[in-house]
Structure formats: structure tokens, C-alpha cells
Amino acid sequence: MSQTLGPNMPETPPSPSIWALSQMKLRFFARVRRFLQTKRTQRNIKSRNKAMVNKEEQVTTADTRSGDDDDDDDSVVLQRSVKRLHFGGLEEKEMAAIEIERLAREDVKMRKLMAELGVIPALVGMVGSEAAGRRRVAIRALIELANGTYTNKALMVEAGIFSKLPVNIDVLEEPTRHEFAKLILSLSSLANHTQFPLVSSEVLPFLVRILESGSSCETKESCLGTLYNLSAVLDNAGVLLSNGVVQTLLRLISVKALSEKALATLGHLVVTLMGKKAMENSSLVPESLIEIMTWEDKPKCQELSAYILMILAHQSSAQHEKMAKSGIVPVLLELALLGSPLAQKRALKLLQWFKDERQTRMGPHSGPQTARIAIGSPVNHREAQEGKKLMKDLVKQSLHKNMELITRRANATSGDSSMLKSLVISTSSKSLPC
């Protein structure tokens with residue numbers, strides 16, 4: 001005997017998964033409807049304004065209407081693409097990502113709207129795909145969505161974009177490596193905020209592996225830009241050093257195309273105690289930095305290299321001795337004469353330190369005897385003059401000793417050795433500035 005439900009019998013409720021999917025679809029179409037209504041309202045306002053123009057502006061009006069048609073087309077494409085991305089098959093998702101990339105490239109407001117429609121988590125999920133083509137279109141779409149929008153970048157990090165970075169970069173083709181590096185560079189602008197999980201992510205190992213691989217210079221430049229942004233936050237120094245970033249950067253500074261950004265990043269790290277110690281213990285320091293100061297065609301690199309050497313040499317007799325043995329004095333003299341104004345200033349400061357230390361070391365054995373005094377204590381005029389004379393003699397001796405070397409290098413650019421000799425002789429008769 002069949003049974004029928006009475007009027008008071010409750011119906012079987014839908015399963016939670018079906019209910020959640022239905023709610024998500026309703027929210028999605030409600031957002032798209034609001035967007036289309038906004039577009040329609042804007043179009044109506046434009047139409048009323050057009051009705052008030054005179055007949056001489058009919059050509060311009062026709063062009064504007066064509067633009068409205070494009071807006072309508074974009075709205076339809078957006079609706080279709082978002083629907084396919086959420087509910088379509090694999091191929092449909094891939095085509096949707098291509099359309100989203102195109103739309104996101106054109107308008108910041110469109111990028112924000114698409115984020116509200118939930119496209120970012122779906123695209124992040126596609127980044128983890130094993131299909132190279134599907135992964136690439138998703139990355140390109142995310143790059144466009146991240147452009148100029150802090151919120152979208154934070155949503156990508158929240159969606160777990162860094163967990164999609166492959167451990168083995170050998171499985172990635174060069175274009176995919178470059179696009180990954182470009183996306184991470186964009187997201188690294190979050191470095192000053194808590195939204196960038198540097199310690200717990202695969203970002204640094206991924207970047208270091210690319211920098212140590214045979215990837216293109218353009219890809220490596222993006223990676224160095226990310227490290228530069230991260231190193232600007234002093235709290236990140238510890239995790240950067242623990243991932244071997246300093247040694248990687250020191251190996252890259254000899255590549256002229258990459259040297260400037262690598263040196264700038266080292267300049268951020270050298271001001272920390274851990275960073276300075278890591279550089280002091282490296283076998284590449286100071287020789288590689290001294291070599292860069294001879295790059296006449298890279299004045300910015302010369303300035304950065306001199307800056308790092310200044311930090312390393314500050315109040316460190318061991319580093320002074322190490323640099324002197326590596327032949328830094330002739331290079332500093334040349335930089336002090338031929339470098340940029342900033343490079344000259346830094347080179348002269350380093351020379352001052354070397355001369356002060358030499359004067360202290362040789363004082364008891366030869367030359368005028370000047371007692372060592374504490375900073376701030378008074379000295380008489382005679383003692384001050386003797387100290388200045390000793391400094392002049394030391395500088396003159398070093399300048400004349402290296403004049404021929406400097407002249408040969410200067411002739412390659414100026415072709416006028418007599419002018420340089422007169423500059424050296426005149427400089428030797430003056431005391432160095434502080």
C-alpha cells in the first residue's frame with residue numbers, strides 16, 4: 001500500500017552541497033546583474049546628453065555609440081567568461097582565462113569587479129595545473145588582475161598562490177618561469193604588510209633556484225627586483241640570509257646586466273649585523289666589489305660597490321687589511337679622480353680611513369711624532385699642523401706611486417694624460433676633505 005505525504009509532513013531538505021552551489025550561482029548572477037544595470041544606467045545618461053548636442057557633432061556621437069556597443073560586448077564577454085571559469089570544463093576555463101586577461105588589461109574598475117566575482121581563487125587553482133598551457137594563461141590573467149590593485153594582490157596571496165610554485169623549476173619552460181617571476185615581483189609590493197608570508201612560503205627557494213639557473217637575464221631581473229623589495233624590510237634579513245641569498249647575489253654582481261640590482265639588494269642587507277657578517281665571511285669579498293669599482297661604464301655600480309665596502313670597512317682593521325692586500329688603494333685613487341661625484345666622495349672617505357690607520361701604525365717608527373688623543377680633547381696648533389703635513393706626505397706618496405696606472409686607464413677615455421698628471425700633482429698638494 002502506497003503512502004502519501006500528509007499536509008503536515010515536511011519535505012526532504014536539499015543536501016548541503018547542492019544548497020551551497022545554488023547560493024554561489026545566485027550571488028554570481030546577482031553581481032553580474034548589478035554590473036549590467038550600472039552599465040545600462042551610464043549608457044542612458046550618455047544618450048540623453050547626446051540628444052542635446054547640435055547636428056555638427058553627429059560624427060562624434062556615432063563614434064561614442066560605437067564605444068557603447070563595445071561596452072555591451074565586454075559586459076556579455078565578462079558574464080560568459082566568469083560563468084565558464086566557475087562552472088565550465090577544462091577547455092572552457094582556459095578560454096575564459098584568456099578573455100579575463102584581455103578585459104583586465106583595459107580597465108582598473110573591471111579588475112576590481114572580476115575580483116568581486118570570485119575569479120582570483122579559480123585562477124590560482126588553475127596555476128597548479130599540470131597542463132603547461134592552462135597554467136600559463138592563468139598566470140598571465142593574474143598578472144593583469146594584480147596590476148595596480150592592492151586588494152587583488154592580497155586576495156591572490158590569501159588564495160595560496162605561493163603554494164603553487166613548483167619545487168623543480170626544470171619542469172617549467174622559460175616563458176613560464178618569466179611569467180612566474182613577473183607575478184611574484186608584482187606581489188612583492190606587499191612586503192611591507194603582513195599579507196606577504198615570506199617565512200612560510202616557497203618564494204625564496206623558487207627565486208634562488210631561478211637566479212642560479214640558466215634562465216634569461218630578463219627573468220633574473222624580475223627575481224632580483226623581488227629580492228630588492230623584500231630586503232628593504234629589515235625584518236626579512238634573517239630569512240633571506242638563511243636561504244643563501246647573499247652568496248647568490250655576490251655571484252651575480254659580476255654580471256653587468258644584473259649587477260646594479262644585485263648590489264642595491266646587498267646594500268640593504270649589509271646594514272644588518274647578520275648581512276655584514278655573511279659578506280665578511282664570503283670568499284668573493286672584497287675582490288669582486290673592488291673589481292666593480294673599475295667599471296667606468298657603470299657609475300651606479302661603482303657607487304653601490306663603494307658604499308658596501310665603506311660599511312664593511314667601518315671600524316674594522318681586519319677588513320682594512322684584507323682590502324689593502326686585494327689592491328683597493330690604486331682603485332680608490334682612480335675612482336676619487338675619475339668617478340662620479342658620489343663615487344668620488346665615498347672613495348675619498350675610504351682613503352681617509354686607510355691613511356688614518358697607516359698613520360697610527362707607522363707613527364712610533366718614523367716621521368713626525370704626533371701623540372694619539374681622544375676625540376674632543378684640545379690640541380695645540382703645532383700638533384695639528386704636523387698631522388696635516390703627515391697626511392699630505394702620505395697622500396702625495398700614494399698618488400705618485402699610482403699615477404702611471406691611472407694615466408694609462410684615463411687615456412682610454414680622455415686621451416689627455418697631461419691634464420690628468422696636472423690634476424694628480426695639484427691634488428697631492430691639498431689635504432683630503434672629510
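How many disulfides does a search of the whole structure find? The search finds zero, a disulfide being a pair of cysteine sulfur atoms within 2.5 Å.

Before going on, please note that this is a predicted model, where local features need pLDDT of at least 70, side-chain atom pairs count only at pLDDT 80 or more, and totals for chains, interfaces and linings use all residues. Residues are numbered from 1 along each chain as its sequence is written, and side-chain values use heavy atoms, leaving out hydrogens and water.

| Residue | Relative accessible area |
|---|---|
| Cys223 | 0% |
| Cys301 | 1% |
| Glu144 | 16% |

Glu144 sits in helix H6, residues 132-146 (helices are DSSP runs of H or I, at least four residues, numbered from the N terminus). Leaving aside residues up to four places away in sequence, Glu144 touches Glu101, Ala104, Arg105 and Arg111; contact means heavy atoms within 4.5 Å.

Now to the nonpolar core, a set of buried Ala, Val, Leu, Ile, Met, Phe, Trp, Tyr and Cys residues joined through side-chain atoms within 4.5 Å. The largest one has 101 residues, of which Leu123, Leu142 and Leu145 touch the most other members. Among the residues that Leu123 touches are Leu85, Ala97 and Ile100.

Finally, helix H17 (residues 317-325) has Gln319, His320 and Met323 as its buried residues. These lie on the same side of H17, because they cover an arc of only 105° around the axis, taken from the directions from the helix axis to the C-beta atoms. Exposed Ala318 and Lys325 are on the face turned away from that buried side. Gly327, with a positive phi near 80°, follows H17.

Technical notes. Helices (H or I, at least four residues) and strands (E, at least two) are DSSP runs, numbered from the N terminus. Buried means under 20% relative accessible area, exposed over 50%, partly exposed in between (1.4 Å probe, protein chains only).
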